[in-house]
Amino acid sequence: MLNTVYLQTFLAVVETGSFSAAAKRLHMSQPAVSQHIRALEEQVGGVRLFRRSGQHMVLTLAGEQLLGSARELVALAERTVQAVSALRGQIGGRVTIGCLSGSVEAFLPHLLEIIQRQYPAVTVDIAFHGADDLFEGLAERRLDLAILSDAPRRRGFEMRVLAGERLALTAVHGHPLLQGEQTPVGVLRDYPLALPRVGHPLRRSIEDGLRRRGVVIGDLRIVCEADSPLLLRSAVEAGQALAFLPVSVLPSRLDRIGVVALAGQPFVQEWYLIRLRERTANRIVDIVVEGLLGEEARTTLLGLGLTA
């Protein structure tokens, strides 16, 4: 299938006569323009679309064959976008998303803002429940979607990765572990630790990460348990304990706490978007799913320090 972005780049080269001039028109780098053209050439069978003639790029026979279709496809894509954009103000409804308390507050509002900006008549309700209640709510259609980390796969539900988030081991400024370059995970046995409560997905992610590194949770000195990452962060800031925190809840300026450099692979927590596999068609829910998993959402998550 031909990529319309590549076709737009192709037409810009045709109209300007060079890769550099096309790059200026499209506000892209010249290497990016070259990459688009190479990718388009691969999509049409590996044939050359341009040849150099003096200072200009001119179409090959294959390029001339593509030119008319490229103009039609780009024009069709632009008309389609305009038609859909005109409908955005008319599409409205309510979607209920279930989440764990103290879980996605740091990044979900940024994703919902994308949906609200594109579809102002769509309302998203956030309902907080336990993990089992979330699956029950989906099954009973009281919830349209659910977001869970470390979610067990269950029959009848569709799960898609929404985001991956690194967990940082944090300590109050002045802590001895902040002085070393690489800290073995086993050293945690010597320090008090603040963790989410047993059963919380964040707790399971931490326990799995420790277990893979040969550390059993029962060997650690746990002095505080709380499901809210912000409360765990407060325990670190007070000097009470160390804590693994999602990077999205770290303060923008690390004035009071620091990140311990742990040896080995980073601890990671994955977030899943879950819905019923067998469901009735609901365009409003589909719009929200597309917004949560779309390219703008991916860019937003990367900006927040998450992966998508």
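Since the model is predicted, local features need pLDDT of at least 70 and side-chain atom pairs count only at pLDDT 80 or more, while totals for chains, interfaces and linings use all residues. Residues are numbered from 1 along each chain as its sequence is written, and side-chain values use heavy atoms, with hydrogens and water left out.

I begin with a pair of helices. Helices here are DSSP runs of H or I with at least four residues, strands are runs of E with at least two, and both are numbered from the N terminus. Helix α2 spans residues 19–26 and helix α3 spans residues 30–43; their axes come within 8 Å and cross at roughly 105°. That makes α2 roughly perpendicular to α3. The axes are lines fitted to C-alpha atoms, for helices over the stretch in contact, with angles from 0 to 180 degrees between N-to-C directions. Angles under 35 degrees count as roughly parallel, over 145 as roughly antiparallel, 65 to 115 as roughly perpendicular, and the rest as oblique.

Which residues of α2 and α3 meet? On the α2 side they are F19, S20, A22 and A23, and on the α3 side Q30, V33, S34 and I37, where contact means heavy atoms within 4.5 Å. The residues of this contact comprise five nonpolar, three polar and no charged. In this scheme Ala, Val, Leu, Ile, Met, Phe, Trp, Tyr, Cys and Pro are nonpolar, Asp, Glu, Lys and Arg are charged, and the others, Gly among them, are polar.

Buried means under 20% relative accessible area, exposed over 50%, and partly exposed in between, with a 1.4 Å probe and protein chains only. After α6 comes R141, with a positive phi near 65°.

Strand β11, residues 267–276, contains R275. Is R275 buried or exposed? R275 is buried, at a relative accessible area of 8%. Leaving aside residues up to four places away in sequence, R275 touches L138, D144, L145, F157, E158, V285, D286 and V289.

Finally, the salt bridges. How many salt bridges does a search of the whole structure find? The search finds 16, a salt bridge being a side-chain nitrogen of Lys or Arg within 4 Å of a carboxyl oxygen of Asp or Glu.

One of them joins the side chains of E136 and R142, at 3.8 Å from N to O. E136 is partly exposed at 40% relative accessible area, and R142 is partly exposed at 43%.

Another pairs D227 with R197, with the closest N and O atoms 2.9 Å apart. This pair links distant parts of the chain, 30 residues apart: D227 is in the loop between β8 (221–225) and α8 (229–237), and R197 is in the loop between β7 (192–195) and α7 (201–212). D227 is partly exposed at 21%, as is R197 at 47%.

D255 and R253 also form a salt bridge, their closest N and O atoms being 3.8 Å apart. D255 is partly exposed at 48%, whereas R253 is exposed at 61%.
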